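Here's a report to read alongside the structure. Keep the 3D view open and follow each element as we reach it.

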Amino acid sequence: MKPLFSRGAAVAVFLLASQAHAAEIKVLASTALTSTFQDLKPMFEKASGHTLDLTLAPSGVLNKRVGDGEAADLVITSDTGIEALIKSGKVAAGSRADIARSGMGVAVKAGARKPDISTPEAFKATLLAAKSIAFTDPSSGGASGVNFAKAIEKLGIADQVRAKAKLGHGGPTAAFLVTGEAEIAIQQISELKPVAGVDIVGPFPADLQTILQLSSGVPTNAKVPDAARALVIFLGSPDAAKVIKDKGLEPGGPVPPPKGTI
């Protein structure tokens, strides 16, 4: 039997129905979604009649804030963070929804020579040759900083890289390229891409890549959980998926393994 509505039409009907009870939705979201929400926030508010009280912070910071009991209607953080918050009873069981995936990447100042990062060996040589490297301070709780720390440990050059680090604390590390304080910048591609005056070199080599899965959950202390769920539905819509891709992320959850694999 043919469905009465396409997914896009169903989303529109759901959002229009929710306008009768317009609410302010408090959202805590990962900084990896900063530029994405610049476009999606006004789109959702126009379609739904709801408004978003949006706070952006590193995933580790968000996890602690919700874990400490801060009230929110929706949190979008790492999948591991959401699962931990569900286990601790801070996020409602069954409310998890996978929003987007983001990979690690490298950027240089616009017009600068793009170094070779095509293999782990080439990436290692590039990091050793760079005079200064901007990346998120792992101690800030940002996923990109934690992931980069794992990569340089794997390459055996953690001490050398830390010695010439320009550490960010939640903002775009590519800003250090624009000011001339760093030669290369490391972060989620979705956080590097929006910065004017920089060029994306590319993603990490596959052997060193870590994909950040961004997932949402409705905290158990949410004041407007139905409105929060309307936002989640919107974030899974085709229109939102297009914006998510344009900002350097991939919509949805983990990529399923090829057929025939275990």
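## Ground rules

A residue counts as buried under 20% relative accessible area, as exposed over 50%, and as partly exposed in between, using a 1.4 Å probe and protein chains only. This is a predicted model, where local features need pLDDT of at least 70, side-chain atom pairs count only at pLDDT 80 or more, and totals for chains, interfaces and linings use all residues. Residues are numbered from 1 along each chain as its sequence is written, and side-chain values use heavy atoms, leaving out hydrogens and water.

Helices (H or I, at least four residues) and strands (E, at least two) are DSSP runs, numbered from the N terminus.

## A buried aspartate

Asp137 has 14% relative accessibility, so it counts as buried.

Who does Asp137 touch, not counting residues up to four places away in sequence? Its partners are Leu167, Gly168 and His169, where contact means heavy atoms within 4.5 Å. Arg162 is 25 residues away from Asp137 along the chain, and their C-alpha atoms are 10.0 Å apart.

## The sheet

Now for the strands. An open sheet of 6 strands runs in the order β2-β1-β3-β10-β4-β11, and its pairing is mixed. Two strands pair if DSSP finds at least two bridges between them. At the edges are β2 (51–57) and β11 (250–251), each pairing on one side only.

Start with β1, which is joined to β2 by 7 bridges, the two running parallel. Glu24 has Thr51 in β2 as its bridge partner. In β1, 5 of the 7 residues are buried, so the strand is largely enclosed by the rest of the structure.

Further along, β3 (residues 74–78) and β10 (residues 212–217) run antiparallel, joined by 4 bridges. Ile76 is partnered there with Ser216 of β10. Ala97 also stands opposite Ser216 in β10. The strands β4 and β10 are antiparallel too, with 5 bridges, while β4 and β11 pair in the antiparallel sense over 2 bridges. Because 5 of the 6 residues of β4 are buried, β4 is largely enclosed by the rest of the structure.

## Helices across the sheet

Helix α3 (residues 59–67) lies across β1 (24–30), β2 and β3, at about 135 degrees to β3. Helix α10 (residues 225–235) lies across β1, β2, β3, β4 (97–102) and β10, at about 45 degrees to β3. For these angles, axes are lines fitted to C-alpha atoms, for helices over the stretch in contact, and angles run from 0 to 180 degrees between N-to-C directions.

Which residues of helix α4 (residues 79–87) are buried? They are Gly81, Ile82, Leu85 and Ile86. Looking down the axis of α4, these buried residues fall within an arc of 135 degrees, so they line one face of the helix. That arc is taken over the directions from the helix axis to the C-beta atoms. An α-helix has 3.6 residues a turn, so residues three or four places apart point the same way.

The buried residues of α4 pack against α3, β3 and β10. On the face turned away from the buried side, you'll find the exposed residues Thr80 and Lys87. Just after α4, Gly89 has a positive phi of about 85 degrees.
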